[in-house]
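Okay, everyone, thanks for coming. Let me put the structure up on the screen, and then I'll walk you through a few spots in it.

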Amino acid sequence: MRAKKRFSYSVGNVLNDLSSHLIFSFLIIFLMKVVNLSASQAGMMVLIAQISDASISLISGYLGDNVNVPFLSNKMGRRKSWHLVATMLMAIGIPLLFNKCFFCDGRDKSWLPLIYYGFFSALIGGCYSMVEINHLAFATNVADKASEIALLTALK
């Protein structure tokens, strides 16, 4: 395997982990300081994201191995197509998560921001899981030998 492929695989995983840690670390500060949610409500949004991450992790490997994404899987393969779909959903969801709630008008409706931010927290958590699982599964596709898979795992 070429060094360029090894480097690309390693950098992709580092960027994936870095972005998730930054998002979920900054999310609590954003929700408490900008949106003015209480600490327990902000913690609940992170918990929703983590539950979504854990539940999607259970099925994302199956989807990447067995379910075709229409129009994409024929060109890119199953895992790359699921990776791309989840990345595109994250690219849409992250700006909406770190933005003002469009449906909240400032009146005394404390449940509406919770639903809005909870939905996007769940979306980002699930998409992160889909990206991560399918990225880690790339190692079995790009490596020819078990020793290369071990090397890619060590590099990540």
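Let's start with Gly 126. Setting aside neighbours within four places in sequence, Gly 126 is in contact with Ser 52, Asp 53 and Ile 56, where contact means heavy atoms within 4.5 Å.

Quick word on what you're seeing: this is a predicted model, where local features need pLDDT of at least 70 and side-chain atom pairs count only at pLDDT 80 or more, while totals for chains, interfaces and linings use all residues. Residues are numbered from 1 along each chain as its sequence is written, and side-chain values use heavy atoms, with hydrogens and water left out.

Back to Gly 126, which is found in helix α5, residues 111–142. Helices here are DSSP runs of H or I with at least four residues, numbered from the N terminus. Gly 126 counts as buried because its relative accessibility is 7%; buried means under 20% relative accessible area, exposed over 50%, and partly exposed in between, with a 1.4 Å probe and protein chains only.

Arg 79 lies in helix α4 (residues 78–97) and Asp 65 in helix α2 (residues 39–66), so the pair ties together parts 14 residues apart in sequence. With 16% relative accessibility, Arg 79 counts as buried, whereas Asp 65, at 36%, is partly exposed.

Now the loops. Asn 36 sits in the loop between α1 and α2, and its phi is near 65°, a positive value in a residue other than glycine. Asn 36 counts as exposed, at 60% relative accessibility. Phe 71, in the loop between α2 and α3 (73–76), also isn't a glycine and has a positive phi of about 75°. Phe 71 is exposed too, with a relative accessible area of 75%.

One last thing, back in α1: where is Lys 5? Lys 5 is found in helix α1, residues 3–33, and counts as partly exposed because its relative accessibility is 47%. Leu 15 has its place in helix α1 as well.

That's my tour, so over to you.

Technical notes:
Helices (H or I, at least four residues) and strands (E, at least two) are DSSP runs, numbered from the N terminus.
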